[in-house]
Amino acid sequence: MRRLQGKLAENPAVQAIAVVALALVTHVSLARQSSMQTAKLPSARELVPALTPFVEEHAHFDEKDPAGSVRSAVAALGRENAAMILFQISPDTFDHPGRYDSEIILAEVKQHPGKLAITGGGGSLNAMIMQSVATGDAGPEVQKKFKARAEELLREGVIGFGEMTAEHFDGFTPYQTAPPDHPLYLLLADLAAEHDVPIDLHMEAVPQDMALPPDLRSPPNAPRLHANIAAFERLLAHNPRAKVIWAHLGSDFTGFRTVDLDRRLLQAHPNLFMEIKTDPDAHGRNYPLGSDGRIKPEWLKLFTDFPDRFVIGSDQHYPEPKDADKRWQETILLFNQLPPDVRKKIGTENVAHIYGNSVAPFLHAAKN
Ligand SMILES: [Zn+2]
Ligand SMILES: [Zn+2]
């Protein structure tokens with residue numbers, strides 16, 4: 001399959017289709033209006049694959065159908081020109097019914113080495129942090145249990161800790177908040193550094209204490225949000241060998257995940273990485289794409305100024321929801337506009353660097 005994907009990327013017909021598609025339709029909705037596009041791509045009318053292989057570094061699955069989710073993700077690889085798909089576990093709390101962690105799908109994922117991999121802890125380590133925030137107990141016993149669970153996940157075969165959260169609005173899982181420099185987060189950074197695995201962090205940007213944005217409801221969300229950027233910087237500085245991936249750049253619901261903030265943090269913290277996510281159904285604020293589908297110049301400059309620090313993490317769910325526009329497609333329409341050398345890094349090389357031996361050998365085989 002890796003060789004096949006290589007061929008797909010090199011295949012002039014696929015490249016030509018993708019280039020034509022990109023030139024004609026920089027946005028999916030425009031693609032629907034293009035009869036020429038329909039004629040060119042009879043079987044996958046609107047879908048435009050990545051011009052060169054990429055890793056979908058942040059995807060989710062249906063925990064009620066792990067086998068079907070895996071089948072669906074594997075089937076999507078060729079269609080998207082994805083070299084690999086990494087599953088994340090939604091950040092959750094102990095009192096949310098239906099909570100799960102990586103074990104629910106790990107056996108199926110392991111049947112596809114080099115194509116699929118998974119992080120862990122969203123349903124356990126993250127829940128332990130939320131519980132510790134609620135009780136105020138982050139003492140030695142709590143830390144011991146936390147460390148044991150993190151090490152258990154790694155022994156079982158997860159390749160990172162995620163999806164963790166420090167500020168998460170109510171959605172698939174409940175509203176959650178925790179200081180990013182909470183003692184258990186500092187411990188997690190030490191464990192991540194020790195085992196050379198990354199932490200994937202979902203955190204709405206809150207530079208100063210603020211009221212909940214008016215388009216969000218409270219409850220279920222908190223009426224006031226606590227400042228988290230300074231604490232996030234303390235986490236990053238606590239152990240510079242711990243790689244932290246700040247999820248969902250392009251999906252900003254407070255309005256403070258700006259180019260300027262991202263740039264300042266990337267400059268200050270070499271261990272910080274970011275996932276690009278553009279959701280056609282929820283642009284949020286500070287969306288990197290204009291209404292014409294083109295990357296806005298200030299975002300393009302950020303990606304090209306820090307080409308080693310971004311990965312593609314569209315937050316796509318598998319199986320793909322029928323009525324939703326596809327997050328992977330919107331994110332790949334952005335990806336396809338990047339200069340080839342930047343695209344190569346953001347597509348596969350940065351993921352190989354961040355995750356190391358668990359994925360690098362497979363990605364080096366997926367020629368860009
Ligand atoms: Zn998330
Ligand atoms: Zn997610």
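**Zinc site and helix α8**

Both Glu-163 and His-202 are buried (under 20% relative accessible area, with exposed meaning over 50% and partly exposed in between; 1.4 Å probe, protein chains only). The model is predicted: local features need pLDDT of at least 70, side-chain atom pairs count only at pLDDT 80 or more, and totals for chains, interfaces and linings use all residues. Residues are numbered from 1 along each chain as its sequence is written, chains are lettered from A and ligands numbered from 1 in the order in which they are written, and side-chain values use heavy atoms, without hydrogens and water.

The zinc ion (ligand 1) is coordinated at 1.8 to 2.1 Å by Glu-163 (OE), His-202 (ND1) and His-248 (NE2). Donors are N, O and S atoms within 2.8 Å of the metal (3.2 Å for Na, K and Ca); water is not among the atoms, so sites may look incomplete. Along the chain the donors of this ion follow the spacing E-x38-H-x45-H. Glu-163 lies in strand β5 (residues 161–168) and His-202 in strand β7 (residues 199–203), so the pair ties together parts 39 residues apart in sequence. Helices (H or I, at least four residues) and strands (E, at least two) are DSSP runs, numbered from the N terminus.

In helix α8, Phe-146, Arg-149, Ala-150, Leu-153 and Leu-154 are buried. Seen down the helix axis, the buried residues of α8 fall within an arc of 135° (directions from the axis to the C-beta atoms), so they line one face. The face turned away from this buried side carries exposed residues, among them Lys-144 and Arg-155.
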